[in-house]
Amino acid sequence: MEVMKMVALKKGQPFFEYPFYTADVKAGIEIAFSEFRRLNPDTSLYDEDVTFKFEKA
């Protein structure tokens, strides 16, 4: 089982990472975004300066 991670970048600089296993990618992505929202309540997912990428950890 591989480990992936979601990386959130603000203006190109990483400010949040969340690792997850690829056994259930959909659940991993949902949990990663949930954790992002929990830890960054003032940052909108729709902010133009925020981008997300997924990569192998």
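Guide: Happy to. Two strands are taken to pair if DSSP finds at least two bridges between them. With that in mind, this predicted model has three strands that form an open sheet, in the order 2-1-3 and with antiparallel pairing. Strand 2 (13–21) and strand 3 (50–56) stand at the edges with a single partner strand each, so one side of each is left without a neighbour in the sheet. On average, and with direction ignored, neighbouring strands of this sheet are turned by 20 degrees against each other.

Now let us step into strand 1, which spans residues 3–10 and holds Lys5, the residue I would like to show you. Strand 1 and strand 2 run antiparallel and are joined by eight bridges; Leu9, for instance, stands opposite Pro14 in strand 2.

Is Lys5 buried or exposed? Its relative accessible area is 17%, and because buried means under 20%, Lys5 counts as buried. Its side chain makes a polar contact with the side chain of Glu17, at 3.3 Å. Leaving aside neighbours within four places in sequence, Lys5 is in contact with Glu17, Tyr18, Pro19 and Phe20, and also with Lys53, Phe54, Glu55, Lys56 and Ala57.

To complete the setting, look at helix 1, residues 25–39: this helix lies across strand 1, strand 2 and strand 3. Relative to strand 2, helix 1 runs at about 140 degrees.

Definitions and conventions
Residues numbered from 1 in each chain as written. Predicted model: local features only at pLDDT ≥ 70, side-chain atom pairs only at ≥ 80, totals over all residues. Heavy atoms only, no water. Helix = DSSP H or I, 4+ residues; strand = E, 2+ residues; numbered from the N terminus. Buried < 20%, exposed > 50% of the residue type's maximum accessible area, 1.4 Å probe, protein only. Polar contact = N/O pair within 3.5 Å; in protein donor to acceptor, adjacent residues only side chain to side chain. Contact = heavy atoms within 4.5 Å. Axes fitted to C-alpha atoms, helices over the stretch in contact; angles between N-to-C directions.
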